[in-house]
Structures are given as C-alpha cells and as structure tokens.
There are 2 protein chains.
Amino acid sequence: MNFDTHALLKTKFVDLDEPAPVLPEIQSILPHLSKRRPLKLIEGVTSRRKELKVGVLFSGGQASGGHNVIAGLFDSLHQLAEQVTLYGFLGGPIGLILGNYKILTRELLDGYRDQGGFDLLGSGRDKVETEEQIAQSKRVVQKLGLDGLVIIGGDDSNTNAAFLGEEFEAEGIPCSVIGVPKTIDGDLKNAFVETSFGFDTATKTYSATIGNIARDALSAGKYYFFIKLMGRAASHIVLECALKTHPTLAFISEEVEAEQWKLSDLIDQLVNLIEQRSAAGKNYGVILIPEGIVEFIPEMKQLILELNRSLSDAQEELTPESQQLFESLPLSFQKQIKLERDPHGNVQVSKIESDRLLLEMCKKELKVRSFKGKFSAQPLFLGYEGRSARPSPFDATYTYALGLLAGKCIASEKNGYMVGLRNLNQPAVQWIPVVAPLASLMVLEERKGKMKAVIQKALVDLHGAQFKKFQSLREGWQRGDHFLYPDPIQFT
Amino acid sequence: MNFDTHALLKTKFVDLDEPAPVLPEIQSILPHLSKRRPLKLIEGVTSRRKELKVGVLFSGGQASGGHNVIAGLFDSLHQLAEQVTLYGFLGGPIGLILGNYKILTRELLDGYRDQGGFDLLGSGRDKVETEEQIAQSKRVVQKLGLDGLVIIGGDDSNTNAAFLGEEFEAEGIPCSVIGVPKTIDGDLKNAFVETSFGFDTATKTYSATIGNIARDALSAGKYYFFIKLMGRAASHIVLECALKTHPTLAFISEEVEAEQWKLSDLIDQLVNLIEQRSAAGKNYGVILIPEGIVEFIPEMKQLILELNRSLSDAQEELTPESQQLFESLPLSFQKQIKLERDPHGNVQVSKIESDRLLLEMCKKELKVRSFKGKFSAQPLFLGYEGRSARPSPFDATYTYALGLLAGKCIASEKNGYMVGLRNLNQPAVQWIPVVAPLASLMVLEERKGKMKAVIQKALVDLHGAQFKKFQSLREGWQRGDHFLYPDPIQFT
C-alpha cells in the first residue's frame, strides 16, 4: 500500500496467510471477535460509500502523533465516502460515555496536523469497562448512528475496544471498533504491531536532554545526575535512551526483578561505581532510573504488601525482613510512605520519587563506607515534555498511516482490529499494513485478584537483541565516558 | 568586517568615535587600562606576525558555543601569524594558576567545532583574584612566553581578566588579556556587548521543553507545572522563555524586589490564579519561577540575615516579623534551612528548592481558603540541559566570530578588552565588531562588606521594552491559554 489517500480506493482487505491463534480462554470470552483472522491489503476495487459516520477518541496519557491519527482518519474517510461526519469525543472515554463531542471539520483539523499533544479533544483515564459504561457508550453510538469508532490508546484502552467490538457484534450493531496502538512506554507491541506511536518522539526528546546533561557532567566534572525517566511498568524507554546516549549506568526494572535484586544491591552497584570512578578522578556521571523501579524490587513489593496490611484495620506486624528494609529507608521516605495514602488507605508507591530515594541512600552508604572523595548529585525527572512534543518525522508519518488504515477498516466494515504496520525500519513507502484481530493479542491476567482478559503488555525481553547489546556495552560505560550527544529532533 | 579568517589581514583596529568613560574610582584602581578607548575594525594592512603563543581557558558554568570561541581563536591566530602555539588551560582558572594545559592542535579542535559543552578543557569556578593567584598566573604566562590570554567567562571572570591585564601592563609583560562574554544568564551585557553567548541556546532549549509541557498540561487538563529555571541573579532567562512560550504565569525576581512583594504576596497571586481558572474549568497551567527568587523577596533576605545571626554564636533572637515568616514555611523547609548550613555556618539559600516551596505553600493556602476544586502540581527544574547543548546556529556563529576577534586583538597587541559584536539581530554578515575596554564596563560594588571593582551585572530592566511587552501580555495569559510551542533548535 502506498500511503496516500488516493490508493485507498484501489486496495481491499484479504486474510493474511499467517494465522493468529486465539487462546481458548479468550475464545469463550470474545466468541465473535475470536473468529477474525489478520488482514492485509492487496490491489482491488473498493466502491465509495455514500455516507460514513465515525467517532474517535484519545485515551490515557499523551503520545506524539495523536493528532495525525485523526488527520489520517479524516482524509481516509473522505476518500472512501461521499459524505463524512467525524465526531471527536471530548476528554477521553468519558466523552463517549456521556456523548460529549465536537464535529471535526477540515478547517479545525488543519491547525493540528503534525502538532504534538492531544489538545484537539483532550484525553482522560476513564475506562469503558463496566456494564453501565458499555451500555451508555452503546446508546451514544446508536444515537449518532456511528459506522465506526476509533480508540487511540494503550493496552487497557485497546482491551476496552475489544469488549465494545464484541458487544456490538453480538447485538448486531453495525459499528466497527478499531484500536490504534498508542503509548510512549513502548510496551504495546506484538507479532503484528512493531511499535506504539509516541515512543520514537519521547525517547528522542529524552535522549537529546540526557546527551546535553552528560556533556554538562563531563564538562564540569563534579556532578552525578540521577535521571528518572517516565514509565511505571516496562523499561523500554530507559533501554532505548541508554542505547542512544551511553550513560554511566542504567537500571532496567525487568532485570531488577529477574535477578531478585534487593534495594541494597542497587545501592551497592551505585556506590561501587562512585568509588571506582572517584579513584580514577571522575566525580561525575549520568544514571538512568525507570520511574517505577521500586515496584520491581521483590523485597519492596513484599514490604508494600505488608505495610498495606499493617496500616489497615488488621494492623498486622511487619516481618523482620520488611521491618529492617523499612528502617533502612531515609526518614523522610518512611514518613511519606506512612502518611500519604490513597483513598483506600493503600501506600502510594507511585509517589515515591525513585531518583531521590536512590540518591539519598547512596549518600548514606558512602558515609557508612567512609568515602573520602567528592559526591554531589542532582535528581532530575524527564517525562511530560516527551509525551506532547511535536511528533518526530517517523511518528508523524506513522500515525498518519495508522489513521488512514483505521478509516479503511471502517469503510470495509472490519470490526475488532488493531491497526499496525510492518517493516517500520524501512522508508515509509515500504511499510506493510497488517491489521491484527484484537482477540489474538489478548491473554488472561490476574488484576486485583481476578482473572481478566487483557491485551498483553510487552516487557523488556532480557534475552532480546536490544538488552543483549546493552549488556555487552554497559561495563565500558561505567569505567570510561562513552556518552553520545544526540541532536534534538530535526524536522524536514 | 566579514567573518571569515581571510579578512583578518586586511583590517586594523582604530579607536571608535564614541568614547567609553571610566568611573573615577575605577581609574585609580586600573590606571593603565582606564586609558583605553573602544575599538572598531576598518580596512587596513596588517602584517603577519612571525609567532604567536596564546593561552585560553573556560571559567564558570558551561554555555553553548565555548568550543567555537576556541576554534575561531585558533583559525584567527593561524591567519595572523606564521607559527602558533595555543595552550588550553585545564579545569578553569586553576589550570592557569597551576600551569596545567594541553596544546590545542587542529586535529584535536576539529572534533569540537559546533559541539556543546566545555569538555575540551573543562571549567571551574576558581578565581584569579588574590595576590598569590595573580602572581602564580603571571609566572605561568611568563614561563610560556604568552603573547595573549583569552578568558572565556562571566562577569566575575572578566573582572579577573581586567586585573590581570592591568598587572601585566604595569609590569611590562607583553601579554594581551582578552575577555569573552559568556553566560547563559544573559546578565553580561552593556553598551558594547548586546548579549553573552549561550543565552540564545539555553533559552531556546528551555522554551522547547516548556512548550511541550504546556501542550501536555492543556491536553491532560489536570496538572499545574511549577517550572524552576536556572539562574540565581537576573531573570533574563525567565523573561525570554515567557515571551517565547506564553506561560500561565511567570515571576521576575527584579519585579518581586522592586515591588517589595512578600512571600505571601506571591502565594496569593498563585492561589488567586488557581481559583479563578478552576472556576472557569481550567485545573492546569504552567508557572515559570526563577531559581533564585527567594533571595529577591525582601522579607526573606531579612529572615536569612537574622537566621545567620541567630544560628551563630551570637544566638540573637529573630524579630517577630521574621519569626512569623519562618513559621509560615512548610516544616520540611524550616528543617532544611536550620540543618543544612555551609562551612561558615550560614544558611544555604541556594539549597531551597523554590519550585517546591511555592508549590507546598500553595497547597497550604488552598486548604486555608477551603478550595473545593482540584489542584495537582508537578515541580520541574530546567537548567543543566541548556548549558551544554549543541550551540544554536546563532550561538555557533557568534562564538566563532568572538574567537576570531579575540585572536585579532592579541595579534594587534590590544590588552584589557572584552570582545563584542553589534547589530546581532541582523544576519551575521552585517554584524559589527566593537571591542570594549574592560575598565569602562566596571563599577564599584559592595561584596561581602567591601567595595570592589567589578563588571556590572545587567539585571532585567523593569522599564525596558521586553519587560513592558511581558507586562502588557501577561494578564491575558492568566485567564486564557495562549501557549506557544517552539520547536527544538534546528540546525542547517
């Protein structure tokens, strides 16, 4: 497929040769969607539809390129139908549930092409999950007479898309639900989707900053920068940024968990590094820390579990191991953990500033070891600036293509799919559209004690090529300085 | 002057028509340098020198373009002399004092052209100020037989340059000392120097990030970002970034001081804004805060003065006003101020994280006012990443030109000047070199209780055009959203 709108009338979807098996448990939960096979585009004749009414919404955190998905969708629909109404639901899924929307015109959209952010519609973290939420959404879809609904979101939102699609199919509602893989975290990928949009822009934005900071660290020769990178689950962002900038040290949450590292192991690694570099006259460095690292340290998980029980009415005592770990934390963190709890009384792990925690504990350990050198450190957080940046040339082109494909799916009455493209490491003209059945991407997972069908999150593969490359290089980064300084994103 | 090296042999320096008066107090301190007049370049014949030996050093914090100053200097010297030795002093002024240097070859320099950072030589905050430091520097200069010394630094470093130049002149040491105006803070400017290098790159780097964050704030609609911007003295950076991005609110330290605002006045401004926007359905915004704002609040200055006395052996009690102010601070800040003191026992104002202080106090005040809306805020700091970024096209060209000029000064045996260019808002071919006598830039100021001759710091002019523009726009920014989203720096 050639990614301009004119080709859309000269192609048609057919089943891909390669099947996409659906797990038996998923088949019983999503019986209709489970019959889908992956689709590819071949040359063919598609007749223009008389009219298409389509809804679109953003779900969850911002990712660069969202506006181009809508632009691609708009252009595609206008090519594939004589009359088009595109409804943009406002403020995320809640807009669908409440029927709050704006009509997206060419004039309005033109101001948002190639722009960052989700501000055309806004976004939100609500779900379309409960029976009530699904029923309300259905009412809005039927009231507007939508032929299609495009959900631009991450794994949870695409899970919601699957259930909506199944419901519509079961009830004979002729609305095609299409998911678009969005997340800067990079953990929404699978056999059909090579990457989620926004990851490229976010990691390039962070890497330019990390490179600048590394250059500053090297020039001044007196600071360690503890840089926390956004993302609570997978460490794809840290891994990608590490390969782009060659920091002194980078933690990968998946490795911390697999190796069963304790908090003290992390501190030992850091303090050993600081001591060794100090002996070589280097009192500076750049440390990359995944925002959610604390939740991947097995003993911390256990502590938090016990703390929740101990702070609840049950008032269970901590085990000696957890008590010891708790006491090893700096006082201000102990206090924060005990005081700041969520409405359910649970410890808010997400509020623990992992960069500052590691930094404080390094200071403490250096004192214990009677470190004679200099240690001065700055905590930093990189996050929001990478979510809403103007999309990189890759993300801008990729998202536009995803939008085109989503429109093509709807015009072809394809329901319950996630749009994707293969061959993304080649120039855009060589990208190959592959549309994956949402059901084939789902697994059963325990969530809050219950088994649920969800789109699988892709964590960092510790046996994969990227991690292996990182592993082979990182020792050299610790001893010497091998910083790279990527330029900020350049637009053509 | 055309800024390629080939023109350097076809021009010569003559006195500028416009004089540059030197204050009588400065005349008595720097009698030799005070006789200088500003210089301009005219067409003329300059014969090539047989040999030139020149030293160069970075002083103070990094600023983008430093490497290009050295590249320009190198190219200029090689044009103006048959044989050149360029000594790069290592780690800042301490390299000059101790005679630590590396010889800068074309091969070495070529890897640093157009690159960020100061890592070719490193930098440091030592001064060449005491008799001992000046004597040691003199010994090194004489031992190497330097014809010139180029000091790339801010106001303090250029003050040091003036005293060194005076000393050399008085003692008949034929070494020309030339200062190059460097600082991202933008406070080194005067009648001859329109801007210091690094300011353009730093403000563009910060503004791209601020724009991204504003777009994210607008998209998610649920966060206030309290963004602290590097710089302890002048607020040029905040003012420039505000005009480039149109944040919801920006504080200018000079205005805080001039208006005699109290800490509670700042909090009132913020909380009023939060309440008004909340009433309009806007629970988000971007607030820009100069890093050093606390030191510009008159009552805070007084409190710190009193605290230093109260915490010293004198144990003087705080006045009731200061006691009340102290008690109004969040507990963690009270503790930090009392506990973390410098080796002289003084309160470390610089350790107070102004973004977090204002944020915490807003939360407190919102509670006092029984605010019913939503307030969620993120503190952020932008600093180091703007100091060592790859120089913007402007800074890259400007610094190279400054380096060329510095070389020309040395070859022309001009001692005690700061190099500069006028007409900088025009294309580079129209820039006009103007070399200012360091003495003419100096004033007497009280520093630690003593009157000292220093290069004057240029604070934000509250009657200047830039501040007036900011003033005329800011009310609109508070009510509506007028964010601008500058692209990251583009290189050609």
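In what order do the strands of the open sheet in chain A run, and what is their pairing?

Author: Happy to. Please keep in mind that this is a predicted model. The open sheet has nine strands in the order E1-E2-E13-E12-E7-E6-E3-E4-E5 (chain A), and the pairing is mixed. At its edges stand strand E1 (11–15) and strand E5 (101–103) of chain A; each has a single partner strand, so one side of each is left without a neighbour in the sheet. Ignoring direction, neighbouring strands in this sheet are turned by 30 degrees against each other on average.

Let's zoom in on one pair. Strand E12 (residues 417–422) and strand E13 (residues 432–437) of chain A run antiparallel and are joined by six bridges. If you want a place to start tracing, Arg422(A) stands opposite Ile432(A) in E13(A).

Now for the setting. Chain A has 17 helices and 15 strands in total. Its radius of gyration is 24 Å, close to the 23 Å that the globule rule gives for 492 residues, so chain A is as compact as a globular protein of that length. Along the principal axes, the C-alpha atoms of chain A fill a box of roughly 80 × 55 × 40 Å. Buried residues account for 53% of the 492 residues in chain A. Of the contacts in chain A between residues at least 6 apart in sequence, 78% join residues at least 24 apart.

The interior is worth a visit too. In soluble globular proteins, nonpolar side chains tend to be buried together. Here the largest nonpolar core has 287 residues, and Ile227(A) and Ile227(B) touch the most other members. Beyond its neighbours within four places in sequence, Ile227(A) is in contact with residues including Ile210(A), Val286(A), Leu288(A), Asp355(A) and Leu382(A).

Finally, the partner chain. The contact takes 31 residues from chain A and 31 residues from chain B. On the side of chain A that touches chain B, two or more residues each come from helix H7 (199–220), strand E11 (377–382) and helix H15 (384–387) of chain A. H7(A) gives the largest share, nine residues. By class, this side of chain A has 13 nonpolar, 11 polar and seven charged residues.

Note on methods
Residues numbered from 1 in each chain as written. Chains lettered and ligands numbered in written order. Predicted model: local features only at pLDDT ≥ 70, side-chain atom pairs only at ≥ 80, totals over all residues. Helix = DSSP H or I, 4+ residues; strand = E, 2+ residues; numbered from the N terminus. Rg over C-alpha atoms; globule rule 2.2 N^0.38 Å. Buried ≥ 20, exposed ≤ 12 C-beta atoms within 10 Å, placed from the backbone. Contact = placed C-beta atoms within 7 Å. Core = buried A, V, L, I, M, F, W, Y, C linked by C-beta atoms within 7 Å. Nonpolar A, V, L, I, M, F, W, Y, C, P; charged D, E, K, R; others polar. Pairing = 2+ DSSP bridges. Axes fitted to C-alpha atoms, helices over the stretch in contact; angles between N-to-C directions.
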